[in-house]
Amino acid sequence: QKRAPAMEDLLSGLWNILPSTAVMKRTSYDAIGGFREEFATGHPQWEDSYFMIIAREQGRFVYLDEPTVLYRAAASVAENLKRRRVWKPENAEAMRVERYTRNSDLMQRLVRERFGDRAVRLIAAIRDATVNLLVGAGLTAMLEDDRILARRCYRLALHYGAFNTKTYVRLAWTYLPPRVARAISAALPPKLQRAVSGPAQA
């Protein structure tokens, strides 16, 4: 949205405020205490969001309707997913699916402890975003023909969003023999193909 968020906005949903686009006084940064070091052990997510929520406690934000940073985006869905892949085969720790949820759990705990019931909608939004992250990781794993890792991602996604029908379908898809999956996929619309086996042709 093209406006500066109020505190209640930040506690009601996710606002994607990139630190590279923000400027603040050093005194405000020091009052916040900087970024929480606990976030450094998990997937690089939520650290910035929590920082900005606490920054808003120091005073109101001002929105500048001008571009201040340029980002380079991937040309296709498939390429974007591959770039988002944060695991490496040679890195055993990075292969742990739990690293995707470590910061999500920490973020939920911190906002719950600090804001209580005021943050109920924010916590729900965090859980939804965690589901999307895990599903994205699962689809990327399917692109790499890593059904075991995809299965783990989808199962964990169901922990955070148990009523997501698509995730159940994606999980079931990982158990199909590749030959059967290819035969069924050929009869599906392209959009549904991508939804279950990754956007390999996107």
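Trainee: Is Ala137 buried or exposed?
Mentor: Buried means under 20% relative accessible area, exposed over 50%, partly exposed in between (1.4 Å probe, protein chains only). Ala137 sits at 5% relative accessibility, so it counts as buried. This is a predicted model, where local features need pLDDT of at least 70, side-chain atom pairs count only at pLDDT 80 or more, and totals for chains, interfaces and linings use all residues. Residues are numbered from 1 along each chain as its sequence is written, and side-chain values use heavy atoms, with hydrogens and water left out.

Trainee: Where is the place of Ala137?
Mentor: Helices are DSSP runs (H or I, at least four residues), numbered from the N terminus. Ala137 belongs to helix α6, residues 120–143. Its C-alpha is 9.9 Å from that of Gly198, 61 residues apart in sequence. The protein has 10 helices and 0 strands.

Trainee: Which residues have the most contacts inside the largest nonpolar core?
Mentor: A nonpolar core is a set of buried Ala, Val, Leu, Ile, Met, Phe, Trp, Tyr and Cys residues joined through side-chain atoms within 4.5 Å. Here the largest has 23 residues, and Ile53, Met107, Val111 and Phe115 have the most contacts inside it. Two or more residues each come from α1 (7–10), α3 (47–56), α5 (99–115) and α6; α3 gives the most, with 6 residues.

Trainee: What is Val111 in contact with?
Mentor: Contact means heavy atoms within 4.5 Å. Leaving aside neighbours within four places in sequence, Val111 is in contact with residues including Tyr50, Ile53 and Leu122.
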